Each structure stands twice: as structure tokens, then as C-alpha cells.
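Welcome, and please take a moment to look over the model below. We will walk through it together, one feature at a time.

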Amino acid sequence: MPSFLYYNNESDSSRYYKVVCTVVFICFCFCYLYFYQCDVLAAGQHVLSEGQTHYSRGIGAVLITLTLYLLQWLVAYVTQLKNRAYAMTYFPSLLILTVITDVSSEIDKGFSWGGWLIALPLVSLCFVGLVWALRQIQSFEPISPSTGLFSRTMWVNLLTLVIMFIAVGMFSNGHAAFHYRMRMESLLAEEQYEKALEIGKNSLETDASLSMLRAYALAKTGQLGNLFFHYPLPEQGNLLLPDSNQTRCVVYPDSLIEAFASSSKNRIDYKLIGWLLEKDLVRFSAVAERAYPDSMMPKSYSEALLLHDYLTGKPFAPDVDNILVTDFYDFRKMQSLYEQEERASQMRKTYGNTYWWYYKYVRKD
């Protein structure tokens, strides 16, 4: 039975705010589950079921939204909250939504309730006390509250819902890099490598596992040497292969990445990128010049070779790209325009997609 049909003694106009609250709640839950938390929930289900079941984005969003709505109907029936307090009947449903979407970014290392083991009972007790208080206040409200879209009853309920929606976003898993990783793993499983590379492309949020997935997707599309340093990179860690600790997948099999990187076709690029990450230009230059003719040299490799020649005092090759040389000297000249504290961030705006910026400003142990 729809939640806006509870009270037979209420006029049709006074039920209007219930209809609006129901529509807003259902739209929020479905969109939040379908567009934002779908891959996080898929990761949680994959780990908890030990890979035996698969989370369906559409079906999952519909079923969870329907379950939460039925829970709200039950709470509204039991508490009999109405008028300006009606939106609080959605609190238990939104609390459950927060708990199930607060999937730990370390879920693959083992399930944990985290702080919810204590917070959930305490918040539930507070809600019971709040309901009691609202019931006492409710008896003093007008029998015929103001109704309509611009009424106080309507906007108090909508404001209460919005505050609870914000709380859901604050206390569920909002770790950007983890969301990017889970979305990428879903797309990699579907062999949609180009789409996977678009995830988080314009964000500076990253971690070692996300960089590993990007390296894999770039290698799959033949762009590892060209575009790897276009993405933000963490300062430490193995960024290319799974190590079951700092760098790992949750849903996508680690073994597929390891097998791909160890094949004779891809091994050389993984080694070259590894040396660049370690800033070992000596070993890199010795192998890169043999592995790639000048006409086929990837962008990042050309930048690294030019930097190596400059640092060692070796003359630039006659056939080196003049535009590349000009950009390199502009890079060095521009550094003097900024104070030490702001130099890295200012240089990133123009040269953040070059190996030169990585070599100069990203610290590696």
C-alpha cells in the first residue's frame, strides 16, 4: 500500500506532500544506486560471495530501492508521523542505504562492519527517542496543516530529506580512487579498454592499484609509452603489476594482468615504463634506443631520452624533433617563474602530461 494512503481522515490535499516525498526518495535511491554506487556494491557482493554471484546494476538498484521504500512504509505506519515530521519516516531506510554502500576500500582483505557495529545501534536508539519527541510535538500542530507545493509542510519535509541525502553521501564510501578502480575493473571485464581509460581521466585522485589498471588498459590499446604519464601517479609503490598488497584488483583477475605483462610482446614496454618510474634513465636509454626506431618512438620515451641526453651532456640527435626540444627548454625556463611552494602545481597545468614533470616533481623512494 503506498505510504501516502495511510490516514483515512486526511484530505486529498494534505496527502500531497507525501506523494512528493515518495517520488523524491525513490528517484534519489535509484539514481544513487544505479549511477554512483553500482560498482562498489558489485565489488562487495563479489568478495562476500567469493565470486559465486554477480551484482546486476539495474536489478540491484530496483530491488534495493523497493525494499527501502517498503521499510519506510512500515516505519510510517508504526510511528504515525505526519505533517512536518513525515520525512523522518525515511530515516531508517536511508540509514540502511548508508550502511550497505559504505563498502570498505579494503573489502578484498576481509569484510568488516567498521564503526557501524557501534554506530548503528546508537543511531537507532536516537531515532526511537526522536520519534517519541516528535509524537509529543505533533499533538500541538494544526489539524489542517498548510498544503501545496509552496507550503511550510512541503518545504520542511523536502529540506529534511535533502539533509539526510547529504548525510548518506558523507558517510557511505565516497573514496574517488576506489570508485574509479571498481568502474575500471567492470569495464576491463567487458574488454572496453577505451572506455576504461576515460574513468577519472580529469581527476588528480589516484592510487597504486588505479595506476596499474591504467597501465594495463593502455598496453591493451598500444598506448602505454604514449599516455601513461598523462595520468596522475602516486609518489610511491609498484604501479604496474599486482603484488597482493598495495597493488591489486578486487573483481578483475590479477592473473590476467600478470600473464599479459609477461608475454614477449609486452614485456619490453613494462620494463621501460618501470625504469622510467624508478627514474633510471641509464638502463632505460640503453634499451629504448634499440627497441624503437626514432620514427616509432612513443612520446614519453622521446621525452625521457631527451632528458637523459641533457643530464649527461650528450648532444641531442640531429633528427630529434625540434618542437620537443623547444618544449623542453620552455619547461626548464618556466620553472624560474614560480616560487618553490607553488612551482609543482603551476607547472602541472602546462606540463603535467610529460615525463619531465614526473621526473622533477614526483618523489620516489
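**Salt bridges and a helix pair**

Let us begin with aspartate 108, which is partly exposed because its relative accessible area is 25%; buried means under 20%, exposed over 50% and partly exposed in between, with a 1.4 Å probe and protein chains only. Before going further, note that this is a predicted model, in which local features need pLDDT of at least 70, side-chain atom pairs count only at pLDDT 80 or more, and totals for chains, interfaces and linings use all residues. Residues are numbered from 1 along each chain as its sequence is written, and side-chain values use heavy atoms, with hydrogens and water left out.

Side chains of opposite charge can pair when their charged atoms come close. A salt bridge here is a side-chain nitrogen of Lys or Arg within 4 Å of a carboxyl oxygen of Asp or Glu, and by this rule the count comes to ten. One of them joins aspartate 108 to arginine 248, with the closest N and O atoms 2.5 Å apart. Arginine 248 sits in the loop between helix 10 and helix 11 and aspartate 108 in the loop between helix 4 and helix 5, so this pair ties together parts that are 140 residues apart in sequence. Helices are DSSP runs of H or I with at least four residues, numbered from the N terminus.

Arginine 248 also forms a salt bridge with glutamate 106, and here the closest N and O atoms are 2.7 Å apart. Is arginine 248 buried or exposed? At 7% relative accessibility, arginine 248 counts as buried, whereas glutamate 106 is partly exposed at 39%. Glu106, Asp108, Lys109 and Arg248 are linked in a network of salt bridges.

Another salt bridge brings together the side chains of lysine 201 and glutamate 198, at 3.6 Å from N to O. Lysine 201 is partly exposed, with a relative accessible area of 41%, and glutamate 198 is partly exposed too, at 48%.

Now turn to a pair of helices. The axes of helix 12 (residues 264-277) and helix 14 (residues 299-312) come within 11 Å and cross at roughly 45°; axes are lines fitted to C-alpha atoms, for helices over the stretch in contact, and angles run from 0 to 180 degrees between N-to-C directions. The contact, meaning heavy atoms within 4.5 Å, is made by Asp269, Leu272, Ile273 and Leu276 of helix 12 and Ser300, Tyr301 and Ala304 of helix 14.

Conventions:
Helices (H or I, at least four residues) and strands (E, at least two) are DSSP runs, numbered from the N terminus.
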